[in-house]
Amino acid sequence: MKKCMIIGCGGVASVAIHKCCQNSEVFEGIMIASRTKSKCDALKEKLQPTTKTVIETAQVNADNVGELVALINSYKPDVVLNLALPYQDLTIMDACLATKTHYVDTANYEPLDTAKFEYKWQWAYRERFEQAGITALLGSGFDPGVTGVFSAYAMKHHFDEINYIDILDCNGGDHGYPFATNFNPEINIREVSAKGSYIEDGKWIETEPMEIKRVYNFKGVGEKDMYLLHHEELESLALNIKGIKRIRFFMTFGQSYLTHLKCLENVGMTSIEPIMYEGKEIVPLQFLKAVLPDPATLGPRTVGKTNIGCIFRGKKDGKDKNYYLYNICDHQECYKEVGSQAISYTTGVPAMIGAMMIMTGKWNKAGVYNIEEFDPDPFMDALNKWGLPWEEDFNPVLVD
Ligand code: NDP
């Protein structure tokens, strides 16, 4: 029996679990293991009557390698799909090494106290994974994830070299709150309040947060302001795609979101430095998370679409070529299908597909790899089949 252990039972995991249950030919068994077992049990109760996939649940503290090893040894999954938080990446990788089990995640490791995400910690596991004969697939969400698969696909089928990549992440959804985040608020706010950066001629160029702004007219959404952010896939794509001169990442934000964020920053609420409050140490950002709407509750209220994709500029047969690959996803359709909004959906579907690539042996090489290092074709087919169809444009409007 082919089995997958899913760690975490939040917004993204819930979508991935729904998708595994729709795909019971591959996912014959799943175990949902998370910190709060009641969430895993509630999802099992909802989904078990609808699927042939045999669902089990367990409580686990994924910061504890020993607990993870014991659980993996008792369930014996073919792959562990890590959909907890980036802080747990290394302990889960350690447990996979100890049990010789394949590993998949959607976000790179970030130490709790530095808000600086980079691949060096996980790339340091390469030799050990090679020697153990197991695969770690890093970044199998949308961005990182599908953006890397799009890049590998563009490289394989459309270019001899890609010189410029602009990744555009547009969320045209409206949840009706003055301020809320679409996924884990702590991770989201750490990401957007950090300095921006991009890679040009092999060097990182740093910007102030939200310093670089562009306006883009997105198909299915319309015109939106977008801002240059640091994003983790820039680091791996600049290494893995041939001929890169510059790679940037832009995300759209509405004015209300930015005004609230600025105010929260100004009063110190987004800080990750612990402070003393009534004799107890608290982290302001964690406290803020506790008072913001839970992203899991945004599904029924969010209307509109997302449009996420990559614009490639490079050369084919000596000629300049431009190519835009993107996906449009509708918040309400996602909610009807799996009870979540499009941000969780666009991450949870590729997470299921990444695990499927490993479980079916379509992607099979020992070591630690970013997603663009595998053959993109079976993943691109699976995106069309499992709810994230892609579109292409051979004459896109470029970003200056
Ligand atoms: P949530 O906060 O909704 O869910 C996280 C889950 O992990 C919760 O169920 C939580 O348990 C569980 N968890 C946290 N700590 C532990 C622990 N120590 N042991 C066991 N379980 C734990 O987050 P999201 O679903 O929004 O995000 C999940 C991941 O997806 C994150 O890493 C995020 O960065 C990534 N992501 C990637 C994207 C991409 O495109 N690549 C886009 C969006 C997100 P509890 O229920 O008890 O809180």
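Just after helix α4, Lys100 takes a positive phi of about 55 degrees. The model is predicted: local features need pLDDT of at least 70, side-chain atom pairs count only at pLDDT 80 or more, and totals for chains, interfaces and linings use all residues. Residues are numbered from 1 along each chain as its sequence is written, and side-chain values use heavy atoms, with hydrogens and water left out. Helices (H or I, at least four residues) and strands (E, at least two) are DSSP runs, numbered from the N terminus.

Helix α4 spans residues 89–99 and is mostly covered. Of its 11 residues, 9 are buried (under 20% relative accessible area; exposed is over 50% and partly exposed is in between, with a 1.4 Å probe and protein chains only). The buried residues of α4 include Leu90, Ile92, Met93 and Leu97. Asp89, Thr91 and Thr99 are also buried, as are Ala95 and Cys96.

Helix α12 covers residues 331–338. At its start, a side-chain oxygen of Asp330 reaches to within 3.0 Å of the backbone nitrogen of Gln332. Within the helix, His331, Cys334 and Val338 are buried. Seen down the axis of α12, the buried residues fall within an arc of 65 degrees, so they line one face of the helix. This arc is that of the directions from the helix axis to the C-beta atoms. An α-helix has 3.6 residues a turn, so residues three or four places apart point the same way. On the other side of α12, Glu333 and Lys336 are exposed. The cover over the buried residues includes helices α1 (11–22), α2 (37–47) and α13 (342–359). Strands β7 (161–171), β15 (305–316) and β16 (319–330) are also part of that cover. Just after α12, Gly339 takes a positive phi of about 75 degrees.

A polar contact of 2.9 Å joins the side chains of Asn171 and His331. A polar contact is a pair of N or O atoms within 3.5 Å; within protein, one must be able to donate a hydrogen and the other to accept it, and residues adjacent in sequence count only if both atoms are side-chain atoms. The side chain of Asn171 also reaches the backbone nitrogen of Gly173, at 2.8 Å. Asn171 is buried, with a relative accessible area of 17%. Beyond its neighbours within four places in sequence, Asn171 is in contact (heavy atoms within 4.5 Å) with Asn182, Thr252, Lys305, Thr306, His331 and Ile343. Lys224 is 53 residues from Asn171 in sequence and 9.1 Å from it in space, C-alpha to C-alpha.

At 5% relative accessibility, Asn23 counts as buried. Asn23 touches Met352, Met356 and Trp386, not counting residues up to four places away in sequence.

The ligand is surrounded by 28 residues (each with a heavy atom within 4 Å of it). The closest are Arg35, Thr36, Lys39, Ala62 and Asn184. The shell divides into 13 nonpolar, 11 polar and 4 charged residues. Here Ala, Val, Leu, Ile, Met, Phe, Trp, Tyr, Cys and Pro count as nonpolar, Asp, Glu, Lys and Arg as charged, and the others, Gly among them, as polar. A backbone N or O atom of Ala62 lies 2.8 Å from a nitrogen atom of the ligand. A polar side-chain atom of Asn184 lies 2.8 Å from a ligand oxygen. A polar backbone atom of Cys9 is 2.9 Å from an oxygen atom of the ligand. Taken alone, the ligand exposes 930 Å², and the protein buries 91% of that (Shrake-Rupley method, 1.4 Å probe; for residues, only the protein chains shown count as cover).
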